[in-house]
Amino acid sequence: MAKILIIDDSPADIRFMTEALRPTGHAVVSISDPLEAEAIVERERPDLALLDVVMPQRNGYETLRALKKLPAAAGLKIVIVSSKSAETDVKWGMRQGAADYLAKPYTPEQVAALVARHI
């Protein structure tokens with residue numbers, strides 16, 4: 001069983017992704033403040049992070065870059081899950097080091113398949 005970290009400022013999106021992952025048996029940890037991401041990754045050592053882009057205080061791209069610098073995040077796959085779905089957004093996310101990109105809206109099946117692909 002893997003540990004999945006959800007970083008999203010929307011309680012509804014966190015709830016949706018958590019429910020989508022419940023049948024997979026993976027452990028889910030979630031935070032709504034991207035400024036907590038480094039501390040959570042160091043403490044929880046997740047296998048995969050699902051990261052929103054549009055968040056207050058620090059956007060997902062900045063969070064992704066900060067996480068990539070952490071020794072504790074070596075091997076952590078980070079997937080961007082965002083409403084920003086233009087081709088340029090996807091390309092930028094991948095250039096920042098994302099393992100994949102999932103555009104909102106999405107289905108529970110898409111979330112589960114995405115996680116299965118990266119775990």
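**Buried charges and cores**

Mentor: Happy to, and let's start with lysine 104: this residue is buried, with a relative accessible area of 17%. Keep in mind that this is a predicted model.

Trainee: Okay, so which side chain meets lysine 104 in a salt bridge at 2.7 Å?

Mentor: That's aspartate 13, with 2.7 Å from N to O. Lysine 104 sits in the loop between β5 and α5 (108-118), while aspartate 13 belongs to helix α1 (residues 11-21), so the pair ties together parts that are 91 residues apart in sequence.

Trainee: And what does aspartate 52 do with lysine 104?

Mentor: Their side chains meet in a salt bridge too, at 3.5 Å from N to O. Aspartate 52 is in the loop between β3 (48-51) and α3 (60-68) and lysine 104 is in the β5 to α5 loop, so this pair ties together parts that are 52 residues apart in sequence.

Trainee: Is aspartate 52 buried or exposed?

Mentor: Buried, because its relative accessibility is 5% and the cut-off for buried is under 20%.

Trainee: Which residues is aspartate 52 in contact with, leaving aside neighbours within four places in sequence?

Mentor: Ile7, Asp8, Asp9, Gly60, Val81, Ser82 and Lys104.

Trainee: Switching topic a bit: how many salt bridges does the structure hold?

Mentor: Ten. Another one of them links lysine 84 and aspartate 89, with the closest N and O atoms 3.8 Å apart. Lysine 84 counts as partly exposed at 31% relative accessibility, whereas aspartate 89 counts as buried at 15%.

Trainee: Let's look at the strands. How do β4 and β5 pair?

Mentor: Strand β4 (residues 77-82) and strand β5 (residues 100-103) run in the parallel sense, with four bridges between them. From β4 the chain passes through helix α4 (residues 87-95) on its way to β5, and this β-α-β crossover is right-handed.

Trainee: What stands opposite leucine 102 of β5?

Mentor: Valine 81 does. While we're in β5, have a look at aspartate 100, which lies in that strand. Aspartate 100 is buried, with a relative accessible area of 17%.

Trainee: Which side chain is joined to aspartate 100 by a polar contact?

Mentor: Histidine 118, through a polar contact of 2.9 Å between the two side chains. If you skip residues up to four places away in sequence, aspartate 100 touches Ile78, Val79, Ile80, Met94, Leu114, Arg117 and His118.

Trainee: Now the greasy part. How many residues has the largest nonpolar core?

Mentor: The largest nonpolar core has 22 residues, and those with the most contacts inside it are Leu5, Ile7, Val41, Leu67, Ile78 and Ile80. At least two residues of this core come from each of β1 (3-7), β2 (27-31), α2 (37-44), β3, α3 and β4.

Trainee: What is valine 41 in contact with, apart from neighbours within four places in sequence?

Mentor: Leu5, Pro46, Leu67, Leu70, Ala72, Ala73 and Leu76.

Definitions and conventions. Residues numbered from 1 in each chain as written. Predicted model: local features only at pLDDT ≥ 70, side-chain atom pairs only at ≥ 80, totals over all residues. Heavy atoms only, no water. Pairing = 2+ DSSP bridges. Right-handed = clockwise from strand over helix to strand, strands pointing away. Buried < 20%, exposed > 50% of the residue type's maximum accessible area, 1.4 Å probe, protein only. Polar contact = N/O pair within 3.5 Å; in protein donor to acceptor, adjacent residues only side chain to side chain. Contact = heavy atoms within 4.5 Å. Salt bridge = Lys/Arg side-chain N within 4 Å of Asp/Glu carboxyl O. Core = buried A, V, L, I, M, F, W, Y, C linked by side-chain atoms within 4.5 Å.
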